[in-house]
Structure formats: structure tokens, C-alpha cells
Amino acid sequence: MTKRDLRIYFPLFALPTFIAFMIGFVVPFGLGIYLSFCKFTTVNDAIPVGIKNYQDMFKDPEFIHALWYTALFAVVSVITINFFGFAIAMLLTKGIRGTNLFRTVFFMPNLIGGIVLGYIWQLILNGILAHFNLALTFSETYGFWGLIILMNWQQIGYMMIIYIAGIQNVPPDLIEAAKIDGATGRQVLGHVILPMVMPSITICTFLTLTNSFKLFDQNLALTNGLPSNRSELLALNIYNTFYGRVGYEGIGQAKAVVFSLIVGALAIIQLVLTHRKEVQQ
Amino acid sequence: MSYAPETLQKGDLLPSDVQLLVNEKKKKSAYSYNARRSPYSMLWTVILSIISVIYVIPVILVIVNSFKRKAYISRNPFSIPTGKEFVGIENYVNGINKIGFFSAFLNSLIITIGSVIVIILCCSMCGWYITRVKTFFSTCMYYLCVFSMIVPFQMVMYTLSKTADSLHLGNPWGIIVVYLGFGAGLAVFMFCGFAKSIPIEIEEAAMIDGCNPLQTYFQVVMPILKPTCISVSILEAMWIWNDYLLPSLVLDKTKYKTVPIAIQYLKGGYGSVDMGAMMAMLVLAIVPIIIFYAFSQKYIIDGVVAGAVKG
């Protein structure tokens, strides 16, 4: 009865979101898949060319380089961000004096946008490297570690907040019971706390993994791919394919499809893997 | 009437919230007990203080450099500006004139606040609707929203900017529609998650008392969803305020700039960058956010936690 009443209210409740969702996601997504099989310079002059774009894409050495560069970047940043985030979260749940202040400070960089962050760190890192007569844009290695430092500075606070919530949900009696049974601090951490905060670990690895794969603003502001596109992450590579060269739009779109598939597949694999390790409370 | 808000808040508590509060109390006692015993507590405070200082240094450095003559900034960013290096507010005046900072700030403000309000209103209604009305269509929409959260923006970047262009959405009001569409995934997903936990009996009672669905929604469901509204608006606001790529592709950049676009515009083109103006604009971009954060940090941090747990 109520359900049928509600159903006629569709135009009021769901239609605005539905239309906007069509404009903002569904239509561009569908069109994007179609265009990845076409050669085009604007949407209206698209000529289907089959899978040629996908073949050409892998002949582009810069794309292959960006792919490995991004993969390496994602691995290093996922490990470092989660390690430091968890370590600080452990410290901040011990009841140390000043916990609230520390939490506030560590979270602060998250509110600053990627472009702004990129320029802040460009100033600092170039200032440090200048003492050795170097600059960020001299080598892809500097750009790589610069991005890692930047991402750590930005994201540790966010992950820390999630880990703190997870650690606080571990029942204290469980830890106490383990201690009475003679477990050392390390055993409590490894066998009680870690399994219990596994849901937080799932979320944090998911967020850091997708964030580092999708990273764009920071990359653009910090190095903009210099030297000669060697420090380019995938997202920036796709952007430059679209807007840097004329006639490569189709290949850019094909790259974007492959990029989405990679991000989607990794996200699902990661969720399944860490989800399996979660224990029932 | 002065105590009315408080009673309202108490009414908002769901059984799960009460449980959380009880847990929190338990935790507090456990941890203070821990702290008294730990001999390293003081040492950790010192170490964390040092890390905090390192955390804040980058922001302070930018503020210091914004008062330095531009030629000295890249040469020696770590010195304190004194004597001829100090230029007062020259960099600020210079930068504001160069990129039209205030109009960019206003645009950012309009876009962020407008989009967040529209997203909260439309997506909470939509989220509640698709949880309550189970049709093939609503299920499809739910899974599409979940799917859209994983898809990277580069996938729809080009086609979205063309679609928005053909619909003439390249102004601060039009881009709100785009943000509603692209931000709907996360918002609808979160609202669905919370709407599921609302006991349907409450809504049925309201209907029996003669509420139509609209009244039920605004007088019964919306107040219960208030905590979710806060966390969704924080997550979306953090994203929209700082977003660079979407507005730079959708907006007509000759007429409208947002703060990130304006800052990137300083860098744009060839030749040397005016580092002085850059530093000053970075400060103007950061300071309002930090002030805002100082006043609402509790909501922001709680919002992030709630978003992560459901997300």
C-alpha cells in the first residue's frame, strides 16, 4: 500500500538525481566506451576503427612507462601511508597527553587541494635539492620520491583517523584477556588488534590504492611530467594524450578505458583479498 | 524553547549510536588506566610534538615566503625575510590583481555550497526512495551508483566536458548539475546504507497518521538522516572545493575561475612563474580552509570516519 503510494512520487524523489546522473556519468561513460573504438577529433566526426586504438596504445612507450611508474608509485605509497597511519593511530589511542591536538594537526593537510599541495612541496623540495645543485625536474626519481613524500604528508592523517576508529572498537576486555594469558605487546598487536581492525585496513588500502592510481592534481602541480614526461602518472598521461596532441583523442579514450579496467580490477581484487582476512566480532 | 535543540538531538540517537557511546566510555576508562602505567607516555608526547612541528612547517614556510621579494624565493626558501628581502603585502596585491582572486573565491564558494546543498537534498531523497521502492529500475540505479564510485574521472573526462558543453552547463550554476551527477554515486550509496537501518515502522506510523510521502520524508526521515547529511556534505565539500580537473574542463575558463584553476593559471603559459604572487595566493587559498577547519574539526573528522565505515 505505502509502496504503491510512494511509487508515483518518483518524479519528485528520484528524477532530479537520475537526470543529473545521466548527464554526469551514464551518458559520458557509454559514449566514452563507444568512442574508444573510433577515430575522432570532436564527438560528431567519429569513425569506427575497431580495436586499432587499443593496439596503437601499447606501441606508445610513454604509456607503458607511465603504467609501470604508476604501479610502483601505488605500491610504495600504499605501504608507507598505511604503515605510518597505523603506527600513529596506535600511539594516539594510548591516552597520551595532547592526543586531540596531534589528531587535528595530522589531519589538516587533507583539506588542502592537490594543486596547492603540489606547489607547496615544489617550493620545499626544490629548496632542499638546490643545496646539492639539483632540482625536482632533473630526474624521474626525484619526482617519484617527491610525490611519495607529498602523498604521505597528505594522506597519513586521513588513514590515521580511520584506524583510530577501528582500534577504539577493539573491546578492551579482549586485550586484557590476552595479557592475562601472558601475551607480549607484540603478540597482542599481531593476534588481537590487527585481526580486529582488518575492516579498517580493507578500507584504508582501498582508498590509498585508488587514490594513488587516480592521482592527477598533485602530479600536474609538482612536476607536470618533467623531465620530458618521465614522471608522468597514468592519469596525467591520459590527459596529455587528449589535450596535448591533436588526432590522438581516440587513443586517449582507449587508454582511459584500460585505465578504468585496471583500477576496477585492482579495487575488486584488493577488496576480496583483505575482506577474506576479516574476523567476526 | 531554549532546550529544544538538545531534545531534538537526543531524539536523533539510534540504538547503534547509544551502543557507540557506551563503548566510548568503556574505552576511555581503559585507556586512561593504560596511560598511567606507561612510562613512555611523556617520551611519545615529545616525539609526536616534533612530528607535528614537521607537519606544520610546509604551511608556515609558504606564509613566510609570501612576504619575500620574488627573486629570493626560489633561491633561498628557508630564510626569514629581513631588510631588502621583505616586501610587505606587495605579493598579495600583485597576485590578487593578476588572477582576480576574489572573484575566483566567490565562484568556488558558490559552486561548493550550491552543489553540496543540491547533492544532499536530491541524493538523500533518491537514496531513501530506492531503498524503499524495490523495482528493477531502482536496483539498477543503486548498482550503477556503486560502480560510478570506482570509475576514474579520466574515463568520462572528455565526453563529460563535451556533454556539458552541448547543454551549456559551463557556468557556476550549470556545473552544479554536473557535480550532482558525478557526486551522486557516493552520496546515494551512503544514504541508501543509512536509510536501510531506519526501522520501517516509524515511517508506517507517520503514514497511518496521515502524512503523505513528502511529509513523511521531510518530517520523519530527514531528521533521522541528519548525521549522514553532515558526513556526506563534508566529504563532497572537501572534494568539490579542491577539485581542479572537472571545473577546468567544464567551466568557460575565460569568464569563470575557481581557486585551484586561478592558482594553476599563474603557472600557465611559458616563461618564469611569479613566485611571490604564487606564494601569496597559496596562503590565501589555505588560510580560509584552516580557519574553517579549526571551528568545525569535530564534524569533519566524525564525517570522515562515518563515510569510511559505510563506504
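Which hand does the crossing of H5(A) and H11(A) have? The model is predicted: local features need pLDDT of at least 70, side-chain atom pairs count only at pLDDT 80 or more, and totals for chains, interfaces and linings use all residues. Residues are numbered from 1 along each chain as its sequence is written, while chains are lettered from A and ligands numbered from 1 in the order in which they are written.

**Figure 1. Helices H5(A) and H11(A) cross within chain A.** H5 (residues 61-92) and H11 (residues 198-214) of chain A have axes that come within 9 Å and cross at roughly 145°. Axes here are lines fitted to C-alpha atoms, for helices over the stretch in contact, and angles run from 0 to 180 degrees between N-to-C directions. The crossing is right-handed; a crossing is left-handed if the near helix is turned anticlockwise from the far one by less than a right angle, and right-handed if clockwise. Among the residues of H5(A) that meet H11(A) are Phe73(A), Ser77(A) and Ile81(A), and those of H11(A) include Thr205(A) and Leu209(A). The residues of this contact divide into seven nonpolar, seven polar and no charged. Ala, Val, Leu, Ile, Met, Phe, Trp, Tyr, Cys and Pro count as nonpolar, Asp, Glu, Lys and Arg as charged, and the others, Gly among them, as polar.

**Figure 2. Chain A as a whole.** Chain A holds 14 helices and two strands. Helices (H or I, at least four residues) and strands (E, at least two) are DSSP runs, numbered from the N terminus. Along the principal axes, the C-alpha atoms of chain A fill a box of roughly 75 × 75 × 30 Å. Of the 281 residues in chain A, 45% are buried. A residue is buried if 20 or more other C-beta atoms lie within 10 Å of its own, exposed if 12 or fewer, and partly exposed in between, with C-beta atoms placed from the backbone.

**Figure 3. Ile149(A) lies in helix H8 (residues 140-168) of chain A.** Ile149(A) counts as partly exposed because it has 16 C-beta neighbours inside 10 Å. From C-alpha to C-alpha, Ile149(A) is 29 Å from Gly252(A), and the two are 103 residues apart in sequence.

**Figure 4. Chain A touches chain B.** The contact takes 76 residues from chain A and 80 residues from chain B. Two residues are in contact if their C-beta atoms, placed from the backbone, lie within 7 Å. On the side of chain A, helix H3 (residues 15-35) gives the most, with 15 residues. That side divides into 50 nonpolar, 18 polar and eight charged residues.

**Figure 5. H13(A) meets H8(B).** The axes of H13 (residues 234-244) of chain A and H8 (residues 153-166) of chain B come within 10 Å and cross at roughly 20°. H13(A) is therefore roughly parallel to H8(B), a term for angles under 35 degrees. This crossing of H13(A) and H8(B) is right-handed. Ala235(A), Ile238(A), Tyr239(A) and Phe242(A) meet Gln154(B), Met157(B) and Tyr158(B). The contact has six nonpolar residues, one polar and no charged.

**Figure 6. Helix H5 (residues 90-99) of chain B and its buried residues.** Asn91(B), Tyr92(B), Gly95(B) and Ile99(B) are buried. They cover an arc of only 95° around the axis, so they are on the same side of H5(B); the arc is that of the directions from the helix axis to the C-beta atoms. Just after H5(B), Gly100(B) has a positive phi of about 60°.

Terms used
Angles under 35 degrees count as roughly parallel, over 145 as roughly antiparallel, 65 to 115 as roughly perpendicular and the rest as oblique.
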